[in-house]
Number of protein chains: 2
Amino acid sequence: MPNKWGANKSLIATTPKPPYYAFIFCSHQNADLEGYAETAERMLELAAGQPGYLGVESVREDLGITISYWSDLESIKQWKAHAEHRVAQKMGKSKWYSTYKTRIALVERDYGN
Amino acid sequence: MPNKWGANKSLIATTPKPPYYAFIFCSHQNADLEGYAETAERMLELAAGQPGYLGVESVREDLGITISYWSDLESIKQWKAHAEHRVAQKMGKSKWYSTYKTRIALVERDYGN
């Protein structure tokens, strides 16, 4: 069902055979989320157009977990350095997120139904 | 805030310096969740007592993401093979989850505030 995050929010990402990378971002939000929803939606759109992007999964209750998947470390590095993304990261750290943690992980194996 | 998942549901896991492993489990649920909540809570408790367990993060909207962190692959292997966990996995696959995907990933780097 389409929503503010875009149609892909509630789907399990379709990723290629490992190895590939997971960019795991966990956060708690502050009360004042002015501008957040628009930026989050824009970042998902923008990420999806970057070289090496493979997919995303994103869920929030109190804790939010967003995992984006990438073909290699260089793609993650370029995405982190993207000018518009850098502005969003700065807003997140200074305004939207009370606590956050990023983990960069090499997916060695996956399986499912 | 304590809830059916236990007090840790909404916290970012406190993990040691990398490298360590992430066991990423994504799923969509079926309508009939009889027995699910109790089993999910029990599995979180049980996992927390296993050798090599480092922490967990778990969130669900339509999509559910649960990431448990482990010191090494052998610990994950033992947890997957745990008798009570195997029964729960079987119930999940046959009854509770319409789709699911598991990814095993080596966390190479992490950072946060």
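Which residues of helix 2 (residues 73-81) of chain B are buried? I started there, keeping in mind that this is a predicted model.

**Entry 1: helix 2 of chain B.** I looked up the buried residues and got B:S75, B:I76, B:W79 and B:K80. They sit on the same side of helix 2 of chain B, because they cover an arc of only 135° around the axis. Next I checked what covers them. From chain B I noted strand 1 (20-29), helix 1 (36-48), strand 3 (63-70), helix 3 (83-96) and strand 4 (97-112), and from chain A there is strand 4 (97-112). At the N-terminal end I found a cap, B:D72, with a side-chain oxygen 3.2 Å from the backbone nitrogen of B:E74.

**Entry 2: helix 2 of chain A.** I turned to helix 2 (residues 73-81) of chain A, where A:S75, A:I76, A:W79 and A:K80 are buried. Their arc around the axis is only 135°, which puts them on the same side of helix 2 of chain A. Among their packing partners I wrote down helix 1 and helix 3 of chain A, plus strand 4 of chain B. A:D72 caps the N-terminal end, its side-chain oxygen lying 3.2 Å from the backbone nitrogen of A:E74.

**Entry 3: helices 1 and 3 of chain A.** How do helix 1 (residues 36-48) and helix 3 (residues 83-96) of chain A pack, at what angle? I read about 145°, with the axes 11 Å apart. The crossing of helix 1 of chain A past helix 3 of chain A is left-handed. Helix 1 brings A:Y36, A:T39, A:R42, A:M43 and A:L46 to the contact, and helix 3 brings A:E84, A:H85, A:A88 and A:W96. Sorted by class, I get five nonpolar, two polar and two charged residues in this contact.

Note on methods. Residues numbered from 1 in each chain as written. Chains lettered and ligands numbered in written order. Predicted model: local features only at pLDDT ≥ 70, side-chain atom pairs only at ≥ 80, totals over all residues. Heavy atoms only, no water. Axes fitted to C-alpha atoms, helices over the stretch in contact; angles between N-to-C directions. Helix = DSSP H or I, 4+ residues; strand = E, 2+ residues; numbered from the N terminus. Left-handed = near helix turned anticlockwise from the far one by under 90°. Contact = heavy atoms within 4.5 Å. Nonpolar A, V, L, I, M, F, W, Y, C, P; charged D, E, K, R; others polar. Buried < 20%, exposed > 50% of the residue type's maximum accessible area, 1.4 Å probe, protein only. Arc of directions from axis to C-beta. Polar contact = N/O pair within 3.5 Å; in protein donor to acceptor, adjacent residues only side chain to side chain.
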